[in-house]
Amino acid sequence: MTHVRVNVQEIRQRLQRERDETLTNIARLREGMTYDLETSPEEGDPDVWEREKIASLIRSLENKLSEIDRALRMTERGDYGLCERCGEPIDPARLKVMPTATLCLKCKQELERQAAAARTPSWE
Ligand SMILES: [Zn+2]
């Protein structure tokens with residue numbers, strides 16, 4: 001097991017910066033959406049498409065925001081860098097690339113396999 005410690009202080013700064021950026025992006029997208037929300041669009045209106053796209057963008061940014069918040073809470077509690085599922089330390093190299101990671105690579109891959117197995121019919 002690796003004993004490399006992640007620099008939590010540095011990670012917190014990164015997370016906070018990313019949080020600010022994400023909030024700004026959400027606010028900007030929301031602003032762009034509001035001005036023509038009053039008009040009830042006809043079906044097939046290209047604007048509906050555009051708004052759907054922006055809405056899903058906002059949703060994914062909000063997801064990202066809650067991931068950032070979760071990681072920030074973990075840095076406060078002092079269990080940042082530990083896998084939420086098995087409790088083993090997450091590879092610091094992985095945290096460097098993805099500071100919001102709350103699962104180790106092994107658990108993530110396992111969960112992804114399970115999710116994929118649930119989606120597709122089993123071959124066995
Ligand atoms: Zn794990």
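I call a residue buried if 20 or more other C-beta atoms lie within 10 Å of its own, exposed if 12 or fewer, and partly exposed in between, with C-beta atoms placed from the backbone. Helices here are DSSP runs (H or I) of at least four residues, numbered from the N terminus.

**Ground rules.** I am working with a predicted model, where local features need pLDDT of at least 70, side-chain atom pairs count only at pLDDT 80 or more, and totals for chains, interfaces and linings use all residues. Residues are numbered from 1 along each chain as its sequence is written.

**Helix H4.** From first C-alpha to last, H4 reaches 21 Å, close to the 21 Å expected at 1.5 Å a residue (the expected span is 1.5 Å times one less than the number of residues).

I then checked contacts (C-beta atoms, placed from the backbone, within 7 Å). Leaving out residues up to four places away in sequence, Ile-68 touches Leu-15, Glu-18, Arg-19, Thr-22 and Thr-100.

**Two single residues.** Is Asn-25 buried or partly exposed? I found it partly exposed, because it has 15 C-beta neighbours inside 10 Å. Asn-25 sits in H1 (residues 8–34). Arg-94, in H3 (residues 92–97), is partly exposed too, with 16 other C-beta atoms within 10 Å.

Technical notes
Helices (H or I, at least four residues) and strands (E, at least two) are DSSP runs, numbered from the N terminus. Two residues are in contact if their C-beta atoms, placed from the backbone, lie within 7 Å.
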